[in-house]
Amino acid sequence: MELCERTYSPEPLLGSPLKLIKALGTDLLAGRELAWRLFMRDLSAQYRQTYFGYVWAFLPPLVASLTFIFLNSQGIVAIDTGAVPYAAFAMMGTLLWQVFVDAVTAPVQTLSAAKPMLSKINFPREAILLAGFYMVLFNFAVRMVLLVGVMLWWHVPVGLGLAFFPVALAGLLLSGTAIGLALAPIGTLYGDISKSIPIFAQFLMLLTPVVYPARTEGLAGLLATWNPISPLIVTARETLSGQDLTLLLPFSIITLVSLLVTFAGLIAFRLAMPHLIARMGG
Amino acid sequence: MLTTLTPVEKPLNANRSAGSAALAPTRSEDVLVDVQHVSKKFCRDLKRSLWYGIKDVLNELNPWQKSTGSRFTSASPNEQDLRPGEFWAVHDVSFQLRRGECLGLIGHNGAGKTTLLKILNGLIKPDSGSITMRGRVGALIALGAGFNPILTGRENIYINAAILGISKKEIDAQIDSIIDFADIREFIDSPVQSYSSGMQVRLGFAIATAMKPDVLILDEVLAVGDAAFRAKCFKRIGSIARDCAIIFVSHDQSQMARICTQAMLMSSGRCLYHGTTAEAIDQYNAAQAAKSGTAYTLQTHEAIQSFALLDCTPPQTVQAGSSLTLKLKLKSQKRLPVGIAFINFVDLAATTVGQADFSARLEAIPAGESELSLTIERVDLAQGIYSLNLAIFASNRQETLVHGVSCAQVNVAGAPYMWCAYKMPLGAVDIQIIQA
């Protein structure tokens, strides 16, 4: 039987990029089963020591929606959102925004949680990223159930654009993952990153047309144009509510760039990992 | 101290025992582990370490960077290669292992053993040198890492196996033998958080050795299990030893002497000696004995104003079977009646191997200044270095009068017993053939 051979040396792996990409592919394939198991582990462990179990997965978005329903029914918020009722508009916005933020947070978060494992066992580490990604998808799927309910309740018009929604969602996930992966090497070493993500996310949400429609004039208009997240959120919401896709070109460009950054991020992750583990101790 | 040791470099083949040579054919393609001049630097200061980490990552990602330190691959790296605050966690270590060979790593805590194992396992990158590993590598650097406390043992078996690269099919076929080996059948469907640490170790070891590795890396993982389980583990290690190359860290010197075909003594990341297991253990013990004087702690009763041991440094050398006298000088405000008095002999593995009980002979510590000598008639111990614990308790058996831990060292010479401190006198061996 031919034995596989592995060599460890200080040579930078970027010197042989083809080998590197091949190894990345092999590990991603080899890590699929593991990623699924890790995801199932996290999922079943998440709610096992609770009385209400999976109810907790539905509660946060449910509470959020009730807030918007209340605000809307009392006329506290009065923002013109055209054909789509405001409560539904805001709900869609926050849910989509949450997917993006989850995708940004996932790499740093899952890596930090996996530190004891990373510093002691050699395994396809991409599996950890993949497991985190599955969790983002799962959380989205849970919220999606609520979103469908909200859309039915407020009779949100649905059009052919809905068929484009998976692409829009993929764009959101990819851009979030790209940013998350870019932050991962520093975030694994310095806790500052994971502490600042929620703060930035909150701030950025107000600069992005999440709970209000995109403006075309003024500072808000400028932000809507130059904020790279805006086209993603706007496009995703437009596909859901059957509107014309107004920002298709910027959306495509940003998604494409995200795809490239995600790929580069995966390679960087691979190269950085031994150095990060060396600093983890344990 | 350690500096008195001379690093010895011998060609490995010369040191391989005849037994292992017979088990493993020495073909060059059977070299499973090839370590060449490996060094790794670490930084003690956390803030600095993190900053160097960022720099290392950037260096690694820089496509114009031709090397991340390999400029000193061939020669031994020196102090100039260290950044401020760094030290060599592993420094210029080289060795080769073939199938059927077992290398023992010896060294005190912080000698770089675990770091070396982590480099071998590909967890961290060496700063210089190179490592080639062939075949499936099974590593037990930490048992139970990846065990999720809330999930059951059975669920964790599948997860851990997946982490170690064992397929689900392979585990399905072996799950019963894994559970039986770990001996936790009645617990297998309860959450791992209800397991004792010993049970977790048993489960981890059972999973890791189920994968039939070509190279097995065992960090000091068996220290947690009980003696019965350790025996079971060593049986399994022994049974797979001829089919793989093993790198083994343990403080159990007798097992190491038995299993390992060669050993390396490490200190401050450097290889001080690489050769026969017996010689490595001897050098380690000598170094430990030379420095263990620092562990001396002494507790005395309030009434005792001064206490000193006489003739204790340097360690007395005693011929096995001859007598030993311990002299103490003390000054007490009042007469202190003695209930219990003994001297314990503790070996380097921290096991108490002998006791001299003076309770019946030492009535009291007299008032005023006095000199006390305690004589042991025969020190019937194996060759080696022992530290002595002196304990004298009051007649109520609770109050401490004098309690010196590692208060003296004794170097017993002349009786090389195998793996035991005391050798029983023998009677006859009688064999009766019942059926030929």
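Is Phe205(B) buried or exposed? Phe205(B) counts as buried, because its relative accessibility is 0%. The views below come from a predicted model.

**View 1. Phe181(B) and Phe205(B) form a stacked pair.** The two ring centres lie 5.9 Å apart. The planes stand at 20°, which is under 30 degrees, so the pair counts as stacked. The pair links distant parts of the chain. Phe181(B) sits in helix α6 (residues 168–182) of chain B. Phe205(B) sits in helix α7 (residues 197–209) of chain B. Phe205(B) is at 0%.

**View 2. Lys232(B) lies over the face of Phe181(B).** This is the Phe181(B) that stacks with Phe205(B) in View 1. Lys232(B) is at 5.1 Å from the ring centre.

**View 3. Arg83(B) lies over the face of Tyr52(B).** Here an arginine takes the place over the ring. Arg83(B) is at 4.2 Å from the ring centre of Tyr52(B).

**View 4. Ring pairs link four residues of chain A into a cluster.** The members are Trp36(A), Phe39(A), Tyr134(A) and Phe138(A). Over all chains, the count comes to 13 aromatic pairs. One of them joins Phe39(A) to Tyr134(A). Their centres are 5.9 Å apart. Phe39(A) is buried, because its relative accessible area is 6% and the limit is under 20%.

**View 5. Three strands of chain B form an open sheet.** The order is β12-β14-β18, and the pairing is antiparallel. Strands β12 (304–310) and β18 (368–376) of chain B stand at the edges. Each has a single partner strand, so one side of each is left without a neighbour in the sheet. Neighbouring strands are turned by 20° against each other on average, direction ignored. Strands of a sheet pair through backbone hydrogen bonds.

**View 6. Strand β14 meets β18 in chain B.** Strand β14 covers residues 324–332 of chain B. Nine bridges join β14(B) to β18(B), and the two run antiparallel. Look at Ser332(B) for one example. Its bridge partner in β18(B) is Gly368(B).

Methods. Residues are numbered from 1 along each chain as its sequence is written. Chains are lettered from A and ligands numbered from 1 in the order in which they are written. This is a predicted model: local features need pLDDT of at least 70, side-chain atom pairs count only at pLDDT 80 or more; totals for chains, interfaces and linings use all residues. Side-chain values use heavy atoms; hydrogens and water are left out. Two strands pair if DSSP finds at least two bridges between them. Helices (H or I, at least four residues) and strands (E, at least two) are DSSP runs, numbered from the N terminus. Axes are lines fitted to C-alpha atoms, for helices over the stretch in contact, and angles run from 0 to 180 degrees between N-to-C directions. Rings of Phe, Tyr and Trp (its six-membered ring) pair if their centres lie within 6.5 Å; planes under 30 degrees apart count as stacked, over 60 as edge-to-face and the rest as tilted. Buried means under 20% relative accessible area, exposed over 50%, partly exposed in between (1.4 Å probe, protein chains only). A charge sits over a ring if NZ of Lys or CZ of Arg is within 6 Å of the ring centre and within 35 degrees of the ring normal.
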